[in-house]
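Here's a quick briefing to read with the model open beside you. Grab your viewer and follow along.

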Amino acid sequence: MNHKKRLHKPRPVSILISLIAIVCLTLMHGCYKSPLEQPYRINELNNLILQANKAFEKGQSERAESLYHEALKKSRIIQDDNATVIVLISLSRLYTSTGQIEEAKKLIDSATELSNRAFLPEDTLEELNFEKARIGFLLNENVEQLLRKLSFSNFTNIRIKSLNLIARLKIKQHEYEEAEKLLNQALIINQKTNRIEEANSLRLLGHVYLDKNNALAGQYFLKALEIDKELAIPEKIALDMETLGIFYKNMGEKQKAKEYFIRALEIWKGLGKKEFEIKAVKEIESL
């Protein structure tokens, strides 16, 4: 007796399982990144940020801005939240250096919004909080409480920057003794680990001593200039030159003042900073 083989129709459950498997394989294929691709992208991003930082230090604002925006795109593509926040902070600093305070605030607001939904390292969060305080200071907001908190940070760099910024606030409020204590504290903590902030501390001490010891004030301004020359940061050097120009002008030493303003003017011309060029020319013409 011949029995014909019975053909079994595929069950609906089997079809569903097969479809799910196909979809999963397709998704896995689409999301797959070769082991070398992701580290390469991260290295590329880090190099962009490094190049942007160097351009910013050299006073090449337009190049730095372009590189930061490129880095921002890449950090968002690879969903590196920490890098995104770091770039937003860096762009904020760049914009405040060119007087675009409101634009800088928008960037910090975006970084804050991202930090509320992403897990970020403690040092990045504290850098963000410091930048919030710095923007707030520039907008005449009350940021002293936040800065006092940051001055006890576990990160030395944050502590130094916070003490310097509180000192700036105290100088603005004509509380010079308090400012002097804060700046000396910043220098003790610093121990030449952060040369940029060391120069900032010395420059601010110069302002503290302007009304009580002109000779000492001049020494602090010159020490700040010496460090900025070592670091080869053109904008800082030009600002030091201007500070010394104003200092000697107020001392009645017009020739010395003129020399510093001329040197500042040369740097501003080299950097293409027209607004600062005009300011320096006016100072020279007033002597």
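What follows is a short tour, from the overall fold down to a few individual residues.

This is a predicted model, where local features need pLDDT of at least 70, side-chain atom pairs count only at pLDDT 80 or more, and totals for chains, interfaces and linings use all residues. Residues are numbered from 1 along each chain as its sequence is written, and side-chain values use heavy atoms, with hydrogens and water left out.

**The overall fold**

- The protein chain has 14 helices and zero strands; helices (H or I, at least four residues) and strands (E, at least two) are DSSP runs, numbered from the N terminus.
- Reading from the N terminus, the order is simply α-α-α-α-α-α-α-α-α-α-α-α-α-α.
- Of the chain's 287 residues, 41% count as buried, where buried means under 20% relative accessible area, exposed over 50% and partly exposed in between (1.4 Å probe, protein chains only).
- Take the contacts in the chain between residues at least 6 apart in sequence: 53% of them join residues at least 24 apart. Contact here means heavy atoms within 4.5 Å.

**The α3 and α4 pair**

- Two packed helices are described by the angle between their axes and the distance between the axes.
- Helix α3 (residues 61–77) packs against helix α4 (residues 81–97) at about 160 degrees, with the axes 9 Å apart. Axes are lines fitted to C-alpha atoms, for helices over the stretch in contact, and angles run from 0 to 180 degrees between N-to-C directions.
- That makes α3 and α4 roughly antiparallel to each other; angles under 35 degrees count as roughly parallel, over 145 as roughly antiparallel, 65 to 115 as roughly perpendicular and the rest as oblique.
- The crossing of α3 past α4 is left-handed, meaning that the near helix is turned anticlockwise from the far one by less than a right angle (clockwise would be right-handed).
- On the α3 side, the residues making the contact include Y68, H69 and L72, and among those on the α4 side are V87, L91 and Y95.
- The residues of this α3 and α4 contact split into ten nonpolar, five polar and two charged. Ala, Val, Leu, Ile, Met, Phe, Trp, Tyr, Cys and Pro count as nonpolar, Asp, Glu, Lys and Arg as charged, and the others, Gly among them, as polar.

- K74 sits in α3 and is partly exposed, at 25% relative accessibility.
- Setting aside residues up to four places away in sequence, K74 touches E44, L45 and L48.
- K74 and T84 are ten residues apart in sequence, and their C-alpha atoms are 8.7 Å apart.
- Q79 lies in the loop between α3 and α4, and is exposed at a relative accessible area of 65%.
- Most residues other than glycine have a negative phi. Q79 is not a glycine, yet has a positive phi of about 55 degrees.

**The α8 and α9 pair**

- Helix α8 (residues 156–172) and α9 pack at about 165 degrees, with their axes 8 Å apart.
- α8 and α9 are therefore roughly antiparallel to each other, and α8 passes α9 in a left-handed crossing.
- Residues in this contact include I160, L163 and I166 from α8, along with L182, L183 and I189 from α9.
- The tally for the contact of α8 with α9 is eleven nonpolar, four polar and three charged.

**Two buried glutamates**

- Is E180 buried or exposed? E180, in helix α9 (residues 176–190), is buried, with a relative accessible area of 18%.
- Beyond its neighbours within four places in sequence, E180 is in contact with L205, V208, Y209 and K212.
- E144 belongs to helix α7 (residues 144–150) and counts as buried at 19% relative accessibility.
- Not counting residues up to four places away in sequence, E144 touches L169 and K170.

- I196 is in helix α10 (residues 195–209) and counts as partly exposed at 29% relative accessibility.
- Leaving out neighbours within four places in sequence, I196 contacts L231, I233 and K236.
- I196 and K236 are 40 residues apart in sequence but 9.1 Å apart in space, C-alpha to C-alpha.
- A232 is in the loop between α11 (214–231) and α12 (234–250), and has a positive phi of about 60 degrees although it is not a glycine.
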